[in-house]
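Subject: Structure for you to look at

Hello,

Here is the structure I promised you. Please open it and keep it beside this email as you read.

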There are 2 protein chains.
Amino acid sequence: MRACYCCATMSAATSSASYKRGRKIVLVMVGLPARGKSYTARHLARYLSWLGYPTKVFNTGEIRRSQLGARQTHEFFDPANIEGLRYRRDLAQQTLDALISWLHEDGRVGIYDATNGTRTRRTEVRERCAREGFAVQFVELDTEDPAVIDRNVRDTKLNSPDYAGMEEGQAVRDFRRRIEHYRSTYEKVADDEGSFVRIVDRGRKVVLHEIDGYLPGRIVFFLSNLQISNRPILLTRHGESMDNVAGRIGGDSDLSPRGREYARALAAYVDSRDDLRDSVDVWTSTLRRTLQTAAPLNREISQWRYLDEIDAGSCDGMTYEEIRRKLPEEYEARRKDKLRYKYPRGESYQDVIQRLDRVIVELERYRSPVLVIGHQAVLRTLYSYFMDIPLQRCPHVEMPLHTIIELQPHAYACVERQIQLT
Amino acid sequence: MRACYCCATMSAATSSASYKRGRKIVLVMVGLPARGKSYTARHLARYLSWLGYPTKVFNTGEIRRSQLGARQTHEFFDPANIEGLRYRRDLAQQTLDALISWLHEDGRVGIYDATNGTRTRRTEVRERCAREGFAVQFVELDTEDPAVIDRNVRDTKLNSPDYAGMEEGQAVRDFRRRIEHYRSTYEKVADDEGSFVRIVDRGRKVVLHEIDGYLPGRIVFFLSNLQISNRPILLTRHGESMDNVAGRIGGDSDLSPRGREYARALAAYVDSRDDLRDSVDVWTSTLRRTLQTAAPLNREISQWRYLDEIDAGSCDGMTYEEIRRKLPEEYEARRKDKLRYKYPRGESYQDVIQRLDRVIVELERYRSPVLVIGHQAVLRTLYSYFMDIPLQRCPHVEMPLHTIIELQPHAYACVERQIQLT
């Protein structure tokens, strides 16, 4: 019987974590330097970890630098440099060994972040992983767009320890020669190499080959929608609601006078920013308190049912104190494991993650700034994705009322800024 | 501002049907005869209609037969047959005209089901649609697998009115010559032809080119998962529950003694069928009454939160009579428009469709028989998809207790059989 992976992660009620039954996966990155392999690998690792699949990136460059120190110039990467070649092969092997050990222990998805630019090398990797019982999927990034390459070189490579202290022009020239060394032997992944996805020009074209199964399909869907984008994402809870004042959870109450004041302040703030005024998209839940918070912005909004607050089931409308008194076992179970705890007839944080998956893919695809007016649990979950917060900590993230959390994506991480408005 | 299409269909609370703001789409099928174009077009139309996007297939062959009568033999399709060629061009034009008129009126997605095998023809179609303000996406089906072609010829073409009364061997030979006529001028869709998806060998390879936007992404995701499969899908409600006995909606009650009897009868029935005993996968919701119904089957099950019953919100646990007395306005609103009616703090049928989307894609991808043990509203929704029931009728479909509805997919429709067990 095949496992239906979505179910296990979707339903905390499922007794065994059945997604663990699925085959472990090695994602093998393929591509010349500066094609965005590490960017893609890290984004994918963040996404899969957030969904609950233990995922880790294994990068050859990092191991090389940890052993040799940084600052190998392009000659090191010349295929004519026999010693360099042997050393690089050893390194690649060590990296793969580390990945395989980790996957045999706790991992579900290992991402092998190296050039893997020849068919021979890929065949070795595929056969080795197959012997270990893992599924292999190549992820090839292919572009000759000079703007993309130039941006990758400047945004990520020049900050690498390899070029610390080197003059920029010289560093760029060296890096371009390194690319040329790899290009001289590079071969694209072919149809007889098994399962692969090729992303051409950052998603203008996507080729999927022998992608089968739930998790591979989900990986590919994410990759096809991933854009390199540096527009800000703003998260805010709705203004204070009447239920907030009363300390009740859930519900669908109106804003309090203080909450309405925040809504006006939020609108004034957005209008004050040239980079948001005309271009920001506003997303809300379908609950009154977020719609009323969006109202003074006086613009078209998108309502997402998926952004509704965590469903507190039979505890909806109660205060935490009431839950403690009337349902002490529920209160205790929630205190012990807030991530997996599921309100009776309601949701767990894990359930919220599953339904927010679509929102995340949509946010990764979007190129305009977005203001999300949401709720505490939902925003904790979105924030944890963007800031790569371990799942266990997600339900405990601070998410104050009347505060905008602005996330500015950079190459390898988001930078956060809090704007308190009242 | 871009419209976020998912929101509108997801939330009945959204005031304007904002998905209607998006550009209308022409999906242009491309492929030699017997590659599965009509099968794919019809499946896609059924899926998109079910999601709430008015979609219609326009097929050249049907118009030809309605005008000329059936029984054109292969000579009609010979490119050397000038008169046939001119007539076929006229037909193609009329079909496209009909599609465009419909799209200007009520349609959201028009599917143009013809060979469209030359670059020249596709360019004409693309430019014409662009002038009308529609987005164009080619859907190319490409295979040289003789088993696939042979199956398509036998399953669909030989039943076509074109070959009514002709001896089978002769019909196959004639149809193969028709394919050869088309092949002599066939050109695959190229990268400079804009947005397209190419499905090679029924999904072994999928090429996506310039696919951008929410709805195109959803179309492509569905197409990548669509398998031609004839394994049965069995739908059944849980056995009678204590809440059923009391006439209460929602809840999470146990099975009644009669319900437990049904659960045993269901297990005995599955075990009695050779085609199910060892191969059927069992999917349930996370609610007790479906889990208890699955228990006597004594096998691994997959629990889907997405299969939970429609959320009756604040009406959960009430009888319809109580709703009529205590919330007469809700009762009336539901009576008037059961599809769009949303329980206070709960879901509408439209919301249920949105969350079942994932279940449908998973069912289309799956190749084993599946037994879904679900709930009335959820099963009505799944049934409406498979049986192509207009959305408005979906909330009124008969879904009796203690009955298995077995759906057997065929080339162009599902055949249904009801098995009453107690």
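Below are some ground rules, then the domains, then the chain pair.

This is a predicted model, where local features need pLDDT of at least 70, side-chain atom pairs count only at pLDDT 80 or more, and totals for chains, interfaces and linings use all residues. Residues are numbered from 1 along each chain as its sequence is written, chains are lettered from A and ligands numbered from 1 in the order in which they are written, and side-chain values use heavy atoms, with hydrogens and water left out.

**Two domains in chain A**

Start with chain A. Its domain assignment gives domain 1 (4-225) and domain 2 (233-420). Such bounds come from an automatic or database domain assignment. The C-alpha centres of the two domains lie 34 Å apart. Domain 1 of chain A puts 19 residues into the contact, and domain 2 of chain A puts in 23. Contact here means heavy atoms within 4.5 Å.

The two domains of chain A bury about 2,000 Å² between them. Carbon and sulfur atoms carry 59% of that. Buried area is the accessible area (1.4 Å probe) that two parts lose on being put together, summed over both.

A salt bridge is a side-chain nitrogen of Lys or Arg within 4 Å of a carboxyl oxygen of Asp or Glu. A:E364 forms a salt bridge with A:R46, with the closest N and O atoms 3.3 Å apart.

Which elements build the domain 1 side? In chain A, α1 (5-10), α2 (37-51) and α8 (214-225) each supply at least two residues of the side that touches domain 2. The largest share, 9 residues, comes from α2(A). Helices (H or I, at least four residues) and strands (E, at least two) are DSSP runs, numbered from the N terminus.

**A salt bridge inside one helix**

A search of the whole structure finds 78 salt bridges over all chains. One of them joins A:R183 and A:E180 (3.1 Å, N to O). These residues are 3 apart in helix α7 (residues 168-183) of chain A, so about one helical turn separates them.

**How chains A and B pair**

Chain B can be laid on chain A with an RMSD of 0.0 Å. That takes a turn of 180° and a shift of 0.1 Å along the axis. This is the relation of a two-fold axis. In chain B, the C-alpha nearest the axis belongs to B:V207, 2.2 Å from it. Copies are superposed by least squares on the C-alpha atoms of residues with pLDDT of at least 70 in both.

The contact takes 51 residues from chain B and 52 from chain A. Of the interface residues of chain B, 100% are also interface residues in chain A, so the copies meet through the same surface. The area buried between the chains is about 4,700 Å², and carbon and sulfur atoms give 46% of it.

Across this interface there are 12 salt bridges. Among them is the one between B:D357 and A:R358 (2.8 Å, N to O). The largest share of the side of chain B that touches chain A, 6 residues, comes from α14(B).

Best wishes
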